[in-house]
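The following exercises are to be worked through with the sequence and the structure at hand. Each task is followed by a solution in steps.

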Amino acid sequence: MIRVVLTVLVAVALLAASMPAVETARTATTGERIGAEADRLERAIGGVVAGSTPVSDPAMAAQTTVLLRVPTGFAAADVDRVALVESPDRPGGLALAYRIDDRPERTLRVGTGPAETAVDLAGGAIELRPGGTNRIRVRYVDDGGPTVRIRRVG
């Protein structure tokens, strides 16, 4: 009986000692996965911009739909906010902003392809749903100049 109690106590102590390392790994993994989603969005935008010419009629504009997934599950940290926002270092640019576990918000710049283009985010930040898939529509329009118009669908 004493062996069982000692074994349980040692197991609980080991678990308690390893939890900070597990939380650090979850936060790092979540940040990397969000970075991978920003890269996917950048590649999709670059594909539309590189192979197209902007047009004034949005119905005729080159477009694509990208599925962005906010990490969830046991291996992911709690994500408080994920949003597509105007880039803080390049006015008219695009960034993916996120906050994990009440830590300071981080931003990842998202490029718009080989040509300099403006970004239209439908009047403000596009908040993404944490814990699921978000459909993002990208259109390449001429809105007084080449513009990547981004909307969330659904």
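**Exercise 1.** Is Asp102 buried or exposed, and what is its relative accessible area?

*Solution.* The model is a predicted one, in which local features need pLDDT of at least 70 and side-chain atom pairs count only at pLDDT 80 or more, while totals for chains, interfaces and linings use all residues. Residues are numbered from 1 along each chain as its sequence is written, and side-chain values use heavy atoms, with hydrogens and water left out.

Step 1. Recall the classes: buried means under 20% relative accessible area, exposed over 50%, and partly exposed in between, with a 1.4 Å probe and protein chains only.

Step 2. Asp102 has a relative accessible area of 69% and is therefore exposed.

Step 3. Asp101 has a value of 28%, so this residue is partly exposed.

**Exercise 2.** Determine where Asp101 and Asp102 lie, and describe the phi angle of each.

*Solution.* Step 1. Helices (H or I, at least four residues) and strands (E, at least two) are DSSP runs, numbered from the N terminus. Asp101 belongs to the loop between S3 and S4, and Asp102 is found in the loop between S3 and S4 as well.

Step 2. Most residues other than glycine have a negative phi. Asp101, however, has a positive phi of about 50° although it is not a glycine. Asp102 also has a positive phi, near 60°.

**Exercise 3.** In which order do the four strands of the antiparallel open sheet stand, and which strands are at the edges?

*Solution.* Step 1. Two strands pair if DSSP finds at least two bridges between them. The order is S4-S3-S2-S6, with antiparallel pairing.

Step 2. S4 (106-110) and S6 (126-127) each have a single partner strand, so one side of each lacks a neighbour in the sheet.

Step 3. Strand S2 (residues 79-86) is joined to S3 (residues 94-100) by seven bridges, and to S6 by two bridges. Ala83 illustrates both pairings: it stands opposite Ala97 in S3 and opposite Glu127 in S6.

Step 4. Six of the eight residues of S2 are buried, so this strand is largely enclosed by the rest of the structure.

**Exercise 4.** Describe the open sheet with mixed pairing.

*Solution.* Step 1. Its four strands have the order S1-S7-S8-S5. Strands S1 (62-69) and S5 (118-120) are the edge strands, each pairing on one side only.

Step 2. The twist averages 25° from one strand to the next; for such angles, axes are lines fitted to C-alpha atoms, for helices over the stretch in contact, and angles run from 0 to 180 degrees between N-to-C directions.

Step 3. S5 and S8 (residues 146-153) run parallel and are joined by three bridges. In S8, Thr147 is the bridge partner of Ala118.

**Exercise 5.** Which residues have the most contacts inside the largest nonpolar core?

*Solution.* Step 1. A nonpolar core is a set of buried Ala, Val, Leu, Ile, Met, Phe, Trp, Tyr and Cys residues joined through side-chain atoms within 4.5 Å.

Step 2. The largest core has 28 residues, and those with the most contacts inside it are Leu41, Ile45, Leu84, Leu94 and Ile150.

Step 3. Helix H1 (2-50), S1, S2, S3, S7 and S8 each give two or more residues to this core. H1 gives the most, with seven residues.

**Exercise 6.** Which residues are linked with Arg81 in a network of salt bridges?

*Solution.* Step 1. A salt bridge is a side-chain nitrogen of Lys or Arg within 4 Å of a carboxyl oxygen of Asp or Glu. By this rule there are eight salt bridges.

Step 2. Glu105 forms a salt bridge with Arg81, with the closest N and O atoms 2.7 Å apart. The two residues are 24 residues apart, Glu105 being in the loop between S3 and S4 and Arg81 in strand S2.

Step 3. Arg81 also meets Glu127 in a salt bridge, at 2.8 Å from N to O. Arg81 lies in S2 and Glu127 in S6, so this pair ties together parts that are 46 residues apart in sequence.

Step 4. The network links Arg81, Arg99, Glu105 and Glu127. Glu105 is partly exposed at 37% relative accessibility, and Glu127 is partly exposed at 38%.
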